[in-house]
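Please open the model in the viewer and keep the selection tool at hand.

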Amino acid sequence: MGIFTKIWKPKNRKSIPMYDSVNRVEKDAAGNYWFLSDLFGARSRWKVYYDMTNNSDKAEALISCTPFFTVVDKIGSMMSRGVPYVVDKDGNEKRTYADIRNILHNPNPLQTFSSFVKQAEICLKVFGYCPIILVRATEKSVPKAMWIVPPEIFHIEGTGKVFRQYELKDIVSSAYIDCNGRRMELEDYEYIIVYDSNILVESGRGADVKFESVSDSLSQPISNWIASMSASYTLLVNGGPKGVLYNDYTDQMGNVALSSEDEKEIKDSFKRDYGLVNKEYPILVTRYKLGWLPLDFDADKLKLHEEDKRCTDKIANAMGINANLFTDAKYDNLESAGKKAYQDVIIPDSRKIAECLSKAICPEGVFIKIDFADVECLQTNKEAEANTLVKVADAMQRLLDKSLITHDEARVEIARYIDIDPDNPKGDFDNNTASSVSSENNINNSKENGNKDE
């Protein structure tokens, strides 16, 4: 019999609640036995390999792989700094856009715009696309709510036709959500898809339309990280001396059974001497004369801790951001990495999201914009601006002294760097500048008069 039947043998199994759901028995330091079950379904377990071309594995990897979640959550948080605006083609906001602004600020009862757009960005980075359900009163109306659907339960079936088609209905035969075994069919106007990936429409009617993304290439780094964490877990929890036991005693008189008290004493002693977490390790106890051949190794030589950084670097590079965002880099390096992440990843993705939402919920000529002007790392560096202005002004003065440009031409060039009107200066120039300008004007007037006389 197993340990479970030895410890717990109830007379009536039906009288014991959740008897069949108990899947493991553990003993604490005080000697108490705990019968543990999964009250909320199957426990998530680390797998040996994660196939990142599969949406289900991507969703599991996001939970299991800490560097993966850390990187994409950071990108999502950066996207959440954006502020939405609804404008016309000239960039003007109008009161008539109030319904669109309201749905953007409160997409659904559970989310604000910042949390909504963060989830959308995480979906883009992990899956390469983000399905959004639009809850409309009528086909053309502004949605009452918008919900992001986990891509692993969203499906699009293609018609098998692509290149000669110009309408969505000729490419997509059906779109549906597979939720708890129920298939929820969607009309064309009930969903939109924001994507940052390649679209694959397989031949044959009914085949899923798939999206290829950069995260598909992360199967090995994520699986390696899981393996290194599993190894660390094994060393910490199931650690102790490693080696081989061999028989070093040939006299059968040594084969004498131990009492339960003797066995417990030996196990407790072993736990005190070798246990890492005060846990009783499974060991064999015998009176045989045994030899021990140690197979010791230095855990540092496995370099398990280095896999954490390698995995983070590879994921960050694949996502297009600098890994300095996740290290103890200097402030200037962090600011530079953040600015580049916004320029190369966040802002381009925000435009994809804004364009897709504009097409779906805005009338013609109205656009949604996501602005990041308030983000610190994107602010103009005043010191750098001042240094640049000094260099430009010095260059303009040299050109003026050599009569290569006029005063007005110099002002036009300076206006590119500071907010001035070259044609209508505010206030008065100082005496030197005024006399210089007056002399230049007199010269120009003389030339004009001379041309007229001729």
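Begin by selecting Y129, Y195 and F211, which ring pairs link into a cluster; rings of Phe, Tyr and Trp (its six-membered ring) pair if their centres lie within 6.5 Å. The model is predicted, with local features requiring pLDDT of at least 70 and side-chain atom pairs counting only at pLDDT 80 or more, while totals for chains, interfaces and linings use all residues. Residues are numbered from 1 along each chain as its sequence is written, and side-chain values use heavy atoms, with hydrogens and water left out.

The structure holds four aromatic pairs. Keep Y195 and F211 selected: this pair is tilted, at 6.0 Å centre to centre and 45° between the planes (under 30 degrees counts as stacked, over 60 as edge-to-face and the rest as tilted). Y195 lies in strand β9 (residues 191-195) and F211 in strand β11 (residues 209-212), so the pair ties together parts that are 16 residues apart in sequence; strands are DSSP runs (E, at least two residues) and helices likewise (H or I, at least four), numbered from the N terminus.

Which of the two is buried? F211 is, at 10% relative accessibility, whereas Y195 at 40% is partly exposed (buried means under 20% relative accessible area, exposed over 50%, partly exposed in between; 1.4 Å probe, protein chains only).

Next, select the largest nonpolar core, of 75 residues, in which F68, L104, I132, F154, I222 and I361 touch the most other members; such a core joins buried Ala, Val, Leu, Ile, Met, Phe, Trp, Tyr and Cys residues through side-chain atoms within 4.5 Å. Helix α9 (residues 331-361) gives the most to this core, with 11 residues.
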